[in-house]
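Here's a quick tour of a protein model, written for someone who likes to know the cut-offs. Have a look at the structure first, then read on.

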Amino acid sequence: MTIRLILALVLAFLVSTVFGKYYIPWLRKQKAGQQILEIGPNWHMSKQGTPTMGGAMFIAAVAFVCLTVGFERMLRGDWGHIVLFLFALIFGIIGFLDDWEKLKKKQNLGLTAKQKFALQLVAAVIFIFFLRRMGYCQPHLYIPFWNVTVNMPEWLYYIFAVFVIVGTVNSVNLTDGIDGLAASTSIPVCLFFVAVTFLSRQYLSLGIFASALLGGLLGFLVYNWNPAKVFMGDTGSLFLGGAIAAMAFAYDMPLILILIGIMFIIETMSDILQVGYFKLTHGKRIFKMAPFHHHLEMGGFAGHKWKEKELVALYVCITVVMCILAFIGIYGRFVY
């Protein structure tokens, strides 16, 4: 098992890195540049025209690993990694449609919010249906630390699952606002799921997917690290969000997202609070700018204007601590 997981990581890293070497120049030739919102930090305007849709790099890497390293699992009738990939890919396609609309219109507006929400809603319902049919998740909630499981009515579980999936996908999307932030913050999350795989062999195919995504993101960061040569775009961020949500449900521990996805949650809550407070007070703001990483960039709270690399380090460190805490919380589920 260890060899397969290491092989998945290494292969995905190589595929993502090599693919990016040829893919990024191609994106430049196609003039697939990112449009930057003028209401954002003014120093972000220098990023205008940086190629987007770079998420295809780690998507291709994960696909390659799932079909090669994961082939033996498929022969055994274990298609878990393929189901996860296809689900995340559906969200990636939704993101691609959004990116494509932005490129056509030459502005930072793609699909409407209603269009994206409807597509994500349908994808989430279909995914949970298949996970239930394949036996990966049950209509209950595992509670970390207490090591207990609370049963739920089937209909309520579906509502909960769809809410969490769509929320996670859009939270990751919001986090993708500065160079390397979404990818770097997601790496400890992938590593957490790889670590869980070592606790139970039943998750081997899922571990191959998690390890492949980990490697793919590391390869992507070669080009996305500040100063970024490419952005993942909605193509990548929605795929990434879908993958994280999918793993949480496939490992049958969705509540663990509260811990391992804490920075994604903070990003979303800052945006919700900002919009709600703005409407209630007719123009006043809680944060200098939402989501939260922009607030810190602009000197929020302490007055220190955080640089992009500092923000990435902050988000990664907090996520690592929370992932370690989460692993401690679920350890008793597998080791008695």
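Is Met53 buried or exposed, going by its relative accessibility? At 7% relative accessibility, Met53 counts as buried (buried is under 20% relative accessible area, exposed over 50%, and partly exposed in between, with a 1.4 Å probe and protein chains only).

## Ground rules

This is a predicted model, where local features need pLDDT of at least 70 and side-chain atom pairs count only at pLDDT 80 or more, while totals for chains, interfaces and linings use all residues. Residues are numbered from 1 along each chain as its sequence is written, and side-chain values use heavy atoms, leaving out hydrogens and water.

Most residues other than glycine have a negative phi, and most peptide bonds are trans. Met53 sits in the loop between helix H1 (2–29) and helix H2 (56–68); helices here are DSSP runs (H or I, at least four residues; strands are E, at least two), numbered from the N terminus. His282 also has a positive phi, near 60 degrees, and lies in the loop between H11 and H12. With a relative accessible area of 74%, His282 is exposed.

Now for the cis peptide bonds. One joins Asn226 and Pro227, with omega at about -5 degrees, and Pro227 belongs to the loop between H8 and helix H9 (233–250). Another runs from Ala290 to Pro291, with omega near 0 degrees. Pro291 is in the loop between helix H11 (262–280) and helix H12 (292–297).

## Salt bridges

Side chains of opposite charge can pair when their charged atoms come close. Searching the whole structure turns up six salt bridges (a side-chain nitrogen of Lys or Arg within 4 Å of a carboxyl oxygen of Asp or Glu). One of them pairs Asp78 with Arg73 at 3.3 Å, N to O. Both ends are tucked away: Asp78 is buried at 11% relative accessibility, and Arg73 is buried at 13%.

Lys116 and Asp98 make another bridge, at 3.5 Å, N to O. That pair links distant parts of the chain, with Lys116 in helix H5 (residues 113–134) and Asp98 in helix H4 (residues 80–105), 18 residues apart. Asp98 is buried, its relative accessible area being 0%. Then there's Arg132 with Glu154, at 3.0 Å, N to O. Arg132 lies in helix H5 and Glu154 in helix H6 (residues 154–175), so this bridge ties together parts 22 residues apart in sequence. Glu154 is partly exposed, at 34% relative accessibility.

The axes of helix H7 (residues 181–197) and helix H8 (residues 204–224) come within 8 Å and cross at roughly 155 degrees. Axes are lines fitted to C-alpha atoms, for helices over the stretch in contact, with angles from 0 to 180 degrees between N-to-C directions. That makes H7 roughly antiparallel to H8 (over 145 degrees; under 35 is roughly parallel, 65 to 115 roughly perpendicular, and the rest oblique).

In the loop between H6 and H7 you'll find Ile178, which is buried with a relative accessible area of 4%. Ile178 and His293 are 115 residues apart in sequence, yet 8.2 Å apart in space, C-alpha to C-alpha.
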